[in-house]
Structure formats: C-alpha cells, structure tokens
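Dear colleague,

I am passing on the structure below, together with what I found when going through it. Please read the notes with the coordinates open beside you.

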Amino acid sequence: AGARRVVCLAPAFTEICFALGKGDRVVGVTDFCDFPPEATRRTRVGGFLNPRRETIVGLQPDLVLAVPEERELAEQLRQLGIRSEVLPLYSLADIGRAIRTVGRLLGDAPAGERLARSLADELAALRPAGGRRPRVLLVVGRNWGELANIYVAGPGTFLGELLALAGGDNAYTGSLRYPSLS
C-alpha cells in the first residue's frame, strides 16, 4: 500500500507528495514548506540546519524523505527503525527520478510516472523559438534590504537548467551550485 506517515525534509518532497494526491499521508514538514497551503497545517520538524529529531521520531513516520546533505540524519533515523530515503534534487533529471521514486514509495508508481511525464512535457514547452539569449543572474537569496550575501543558482542546478530551457544564459559560469557572490 505504500508509506502512510511521511515526513518531508525538503519543500520539494512535500510538494511532490501533494501533487501525487497523497498529501493526507504527510505528517511532518520543514519550517519552509508553505505550498500547497494545506502543508502549513502539518507538524513542523525544523529546517535544513536545525532538524528536530525528537519531533520527527514522535510523529512515528514509516518514511522520511531527505536530501543527500541530510544523509547523517537519515542514517540515525534508520538506526531507530525508521525508513529514510535520500534522494537528490540537484537537476531536472534528479527531480523526475525523485517524483517517480516517491510515487513508488507511496504505493502509486503510475501516478509518479504521470506526474514526472507531465513535468517533462511542461519543461519541453519552455524552449524558445530562437533569437537573442539574455545573460541572467538568477538570485535565490540575499540579505533583506541590501545587496549583500547574494546567493545565485549555478549552471549545474535545476534552476540553472530551467534558465537555459527558457532561453537565458547563466551569468554565473563557475562550478559551485549555489555560491555567495560579493
């Protein structure tokens, strides 16, 4: 039947579960999960840098979805008998694989396949017909009210891939995924 009590340690996992029609199975989300609006009514389990292990365990999940940077936490949860799956979300291909995997883990592989295919179709429609490609600095974070600690999406990220699909050239050409620029 698939997992029935899921804790999502990244907003993307929360959105995937709800998009698959399995939002009722999500019992815990990060402090940053705010979409869809129903996700805000789930128990908050902390964030990327401050997960609340006791809260996660107390929710008695039968599945925890984590990103590779949370591998240590996932292993700690496994040692407590809680199934934890670590799935990368770095690229568009990763996201498609994650959708399919989450669908399978929730007992609905066909829904995962349909959602992943639908996303791929929507992304294919983004391709521009040609013309000038603007250089774009894709800012994903900064200090509020000032131009400091500017974080940008690099070309090796799903946001960088989306930028290229939409017809832009990433102004940041370095190798870091999400660097901070001066």
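Leu65, in this predicted model, touches Val6, Val7, Cys8, Leu9, Phe13, Cys17, Glu85, Leu87, Val102 and Leu105, once residues up to four places away in sequence are not counted. Leu65 is also one of the residues that, together with Val6, Phe13, Cys17 and Val102, touch the most other members of the largest nonpolar core, which has 26 residues. Two or more residues of this core come from each of β1 (6-8), α1, β2 (26-29), β4 (63-66), α4 and α5 (109-124), and among these elements α4 gives the most, with five residues. There is also a second, separate core of 13 residues, whose members include Val27, Ile56, Leu59 and Val64.

After α1 comes Gly21, which has a positive phi, near 80°.

How do the axes of α1 and α4 cross, and at roughly what angle? The axes of α1 (residues 11-19) and α4 (residues 92-105) come within 10 Å and cross at roughly 55°, which means that α1 is oblique to α4. The crossing of these two helices is right-handed, and the contact is made by Phe13, Ile16 and Cys17 on the α1 side and by Ala98, Ile99 and Val102 on the α4 side. Sorted by class, the contact of α1 with α4 has six nonpolar residues, with no polar and no charged ones.

The pairing of α4 with α5 can be described in the same terms. The axes of α4 and α5 come within 6 Å and cross at roughly 160°; because that angle is over 145 degrees, the two helices are roughly antiparallel to each other. Here, too, the crossing is right-handed. From α4, the residues Leu92, Ile95, Gly96, Ile99, Arg100, Gly103 and Arg104 meet Ala109, Gly112, Glu113, Leu115, Ala116, Leu119 and Leu123 of α5, and the residues of this contact divide into eight nonpolar, three polar and three charged. Ile99 of α4 is listed both in the contact with α1 and in the contact with α5.

Leu77 lies in helix α3 (residues 71-79) and, with a relative accessibility of 2%, counts as buried. Leaving out residues up to four places away in sequence, Leu77 touches Ile56, Val57, Val64, Ile82 and Ser84; of these, Ile56 and Val64 are among the members of the second core. Between Leu77 and Cys17 there are 60 residues in sequence and 20 Å in space, taken from C-alpha to C-alpha.

Is Ser84, for its part, buried or exposed? Ser84 has its place in strand β5 (residues 84-86) and has a relative accessible area of 3%, so Ser84 is buried. With its neighbours within four places in sequence left aside, Ser84 is in contact with Val64, Ala74, Leu77 and Arg78.

With kind regards

Definitions and conventions. Residues numbered from 1 in each chain as written. Predicted model: local features only at pLDDT ≥ 70, side-chain atom pairs only at ≥ 80, totals over all residues. Heavy atoms only, no water. Axes fitted to C-alpha atoms, helices over the stretch in contact; angles between N-to-C directions. Helix = DSSP H or I, 4+ residues; strand = E, 2+ residues; numbered from the N terminus. Parallel < 35°, antiparallel > 145°, perpendicular 65-115°, else oblique. Left-handed = near helix turned anticlockwise from the far one by under 90°. Contact = heavy atoms within 4.5 Å. Nonpolar A, V, L, I, M, F, W, Y, C, P; charged D, E, K, R; others polar. Core = buried A, V, L, I, M, F, W, Y, C linked by side-chain atoms within 4.5 Å. Buried < 20%, exposed > 50% of the residue type's maximum accessible area, 1.4 Å probe, protein only.
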